[in-house]
Amino acid sequence: MQQSPQRGWNRREFLSATALVALALGVPAAAVSLTSLESEDAPTDRQRFVMKDVSQLVIPRSATPGGGDVGAGDFAILALAHGLDGSRSLLKDAAAYARFARNDGSIRHVAWLEKELDTRAGGDFLKAPAGQRLAALKALDAEAFASRESESPWKAIKGLILTGYYTSEVGGSQELRYEPVPGRFDPDLPLTPDFRAISNDWTAVDFG
Amino acid sequence: MQFDAIVVGSGITGGWAAKELTQAGLKVLMIERGREIVHGEYETENKAPWEMPFRGLGDTAHYVREYQVQMKNRHFNEFTQGHFVNDKENPYSTGPDTDFTWFRSYQLGGRSLTWGRQSYRWSDYDFGANKRDGHGTDWPIRYADIAPWYDKVEEFIGVSGSPEGLAQLPDGKFQPGMKLNVVEEHVRKVVADKYGRCLTIGRTANMTVAKPEEGRSECQNRSICARGCSFGAYFSTQSSTLPAARATGNLTVVTDAIVEGVDYDPKTKRVTGVRYVNTKDGTQAAATARLVFLNAGAFNSVHLLLKSRSEAMPTGLANSSGVLGTQIMDHANTLSTIALFPQFNDRTTFGNRPTGAIIARYRNMDAMDGSGHTRGYSFQGGALQSNWGAGKREAGIGAELKDRLHQPGMWRFVLVAFADCVPRDSNRLTLDRTKTDRFGIPQLHVDFAFGKEEQAALAQAKADAAEMMTAAGGTVIMGLDQPGAGGTAIHEMGGARMGNDPKSSVLNKWSQAHDIPNLFVTDGAQMASSACQNPSLTYMALTARACDAAVKMLREGVI
């Protein structure tokens with residue numbers, strides 16, 4: 001994008017120019033294929049179903065689509081394999097999850113979750129009724145967040161499902177507001193019920 | 001190639017040196033080790049998270065392999081990774097007891113693209129600090145020497161801020177300051193009324209008034225500065241000094257070129273030019289000039305002096321004092337407090353303000369009231385509301401969670417202390433004796449540790465921060481009093497300090513080498529103390545001042 005040497009951009013020109021560039025180039029395909037994952041992290045079809053279902057339980061469909069609808073599960077699978085949010089750091093109590101360990105000692109979260117949910121459902125988690133699946137996941141969630149010291153792999157899984165949802169176009173710009181060029185700063189506004197959080201409030205994303 | 005002046009580096013000070021020297025009519029060669037980046041062609045600037053392969057967080061597995069230091073920088077992410085060095089390709093070594101994270105940006109514009117933009121004047125508390133408590137060596141200048149150069153720099157780069165009339169943080173030529181948010185306004189009143197301290201909006205090189213004649217717009221409150229800003233709303237080489245230098249027709253820029261050494265002629269006792277290697281094809285080249293300015297960044301300028309050793313100067317160029325490399329510093333910093341302010345949860349804000357607020361230094365000014373330390377500290381931070389990220393730390397799933405994250409959440413106030421780092425001989429840079437980089441150049445070796453003064457300052461800062469937050473009605477939930485690794489403030493400086501005495505300093509009061517009259521070092525390497533303010537504005541002012549002096553000396557035939 002060339003800038004006029006005579007003067008700077010104003011907000012309206014900038015937004016329209018950005019839209020034109022996007023039209024001309026097409027929005028680049030951002031997805032990284034799950035098939036590129038190494039074998040120990042390549043998900044089975046069932047694991048992808050589990051992650052999709054769990055994503056939808058974490059962020060259900062309302063007036064806007066849910067986590068499973070927007071592919072938050074697949075994103076979390078990719079993100080966990082690549083260690084986002086510290087998810088390939090070694091646990092203090094590695095022995096507790098030894099059967100799900102990779103060669104480098106980190107935990108295969110998805111394999112753990114699949115097994116854990118089946119155990120809690122007393123069989124095939126995916127075949128359990130919706131209410132039972134939600135109850136099982138709520139119990140798992142409550143246990144994982146009961147203490148700060150908990151090393152439950154669920155914390156990382158849930159976190160990356162949320163990232164997957166709120167950084168998707170639906171989650172970021174329909175469920176929440178995406179404001180790429182606010183153009184101003186209002187320091188004190190009433191927080192009214194119709195005020196949607198800004199998904200790209202980067203200070204909040206970093207420190208909130 | 002023959003030039004009047006060579007400027008090594010194109011970052012915050014290199015851009016200024018190029019601007020000032022070309023505008024004085026000199027033919028200038030600016031050499032940059034990294035690639036060219038063209039203003040307005042910032043690759044990720046307008047990307048949404050969903051247009052990025054890893055949604056803006058980046059591929060951690062890749063970072064662990066290639067960016068193991070840079071990934072610790074809070075401005076480093078998938079959008080900005082192209083503005084940081086690959087650590088694997090750019091190694092440095094550290095001593096056995098040293099934990100030093102060296103954040104670097106090797107590209108045209110250097111760290112001017114990724115800097116935090118906080119712009120503060122130093123005061124005579126700072127320039128007089130070494131003389132007063134005996135750490136380090138005295139500065140050869142005082143505030144009056146630099147004040148007009150602060151004026152010049154602030155007006156050109158565009159600094160927004162609020163005048164407060166503080167002796168320890170002098171006011172400058174500000175554009176209107178950005179606004180404090182509702183919680184910060186409240187805390188400002190409490191800390192002023194109860195403690196006589198000043199909480200003010202960050203003085204930041206983000207403009208609130210456009211400079212249309214320079215093609216620069218006012219800040220759009222995006223707060224994605226480190227991706228690059230096509231609005232030119234924050235100061236960078238690209239937005240500001242480079243177009244000014246280019247407009248003179250006197251500037252030649254060479255990118256992708258690492259300077260291997262500065263050449264010295266023992267007969268004339270002058271430097272004659274530089275030798276450099278093209279990083280793309282390995283070819284070597286040289287250029288000569290009457291003046292050489294080192295602006296490679298504090299540590300890299302020292303590195304260049306050390307590796308430019310010769311028979312005449314066997315311990316490094318301009319190092320007859322033997323102090324080259326010593327007394328490096330970085331601000332000791334830590335997260336002093338996080339406090340919750342739920343009483344404001346019915347208020348919110350709009351827009352991503354690209355600066356926080358600060359609480360100006362208040363210790364060890366006219367009364368020595370520091371506990372176990374003789375210098376100052378200040379706080380940077382501010383009040384912010386949580387958003388969807390808070391869901392990662394809390395129990396809850398389902399409709400209740402989605403509903404909760406639909407609106408902004410809890411207000412919290414964050415204060416990060418930055419403490420003055422006293423100069424110590426043991427904190428130093430040397431050439432590694434065995435390790436080299438991919439071009440066979442000896443790696444820079446860093447020995448660094450904070451001492452009891454910084455520990456004491458951060459302990460007092462933590463207590464003060466908690467007290468102020470509590471007084472303002474906040475609930476303190478955590479606080480730290482141990483400094484992070486060296487380098488984390490990204491204010492690494494010193495190593496070629498200014499001083500009056502050629503026996504104990506490298507540079508004189510004009511940022512000019514005592515040993516070599518046509519050699520100037522005007523980046524962070526020249527610093528004799530650290531103060532507790534962000535230093536870049538001072539580097540720029542000293543650069544403009546040194547350029548003016550150098551041109552005068554050149555015209556008078558002194559050099």
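This is a predicted model: local features need pLDDT of at least 70, side-chain atom pairs count only at pLDDT 80 or more; totals for chains, interfaces and linings use all residues.
Residues are numbered from 1 along each chain as its sequence is written, with chains lettered from A and ligands numbered from 1 in the order in which they are written.

In chain A, helix H5 (residues 130–144) packs on helix H6 (residues 153–166) at about 110°, their axes 9 Å apart. Helices here are DSSP runs (H or I, at least four residues; strands are E, at least two), numbered from the N terminus. Axes are lines fitted to C-alpha atoms, for helices over the stretch in contact, and angles run from 0 to 180 degrees between N-to-C directions. H5(A) and H6(A) are therefore roughly perpendicular (angles of 65 to 115 degrees). On the H5(A) side, A:Leu140, A:Asp141 and A:Ala144 meet A:Trp154, A:Lys155 and A:Lys158 of H6(A) (C-beta atoms, placed from the backbone, within 7 Å). That set splits into three nonpolar, no polar and three charged residues.

Between the chains, the contact takes 69 residues from chain A and 68 from chain B. On the chain B side, E12(B) gives the largest share, four residues; other elements giving two or more include helix H2 (60–66) and strand E14 (377–385) of chain B.

E12(B) also pairs with strand E1 (residues 186–190) of chain A, antiparallel and through three bridges (pairing needs at least two DSSP bridges). Here A:Pro190 sits opposite B:Arg347.

Methods: Angles under 35 degrees count as roughly parallel, over 145 as roughly antiparallel, 65 to 115 as roughly perpendicular and the rest as oblique. Two residues are in contact if their C-beta atoms, placed from the backbone, lie within 7 Å. Ala, Val, Leu, Ile, Met, Phe, Trp, Tyr, Cys and Pro count as nonpolar, Asp, Glu, Lys and Arg as charged, and the others, Gly among them, as polar.
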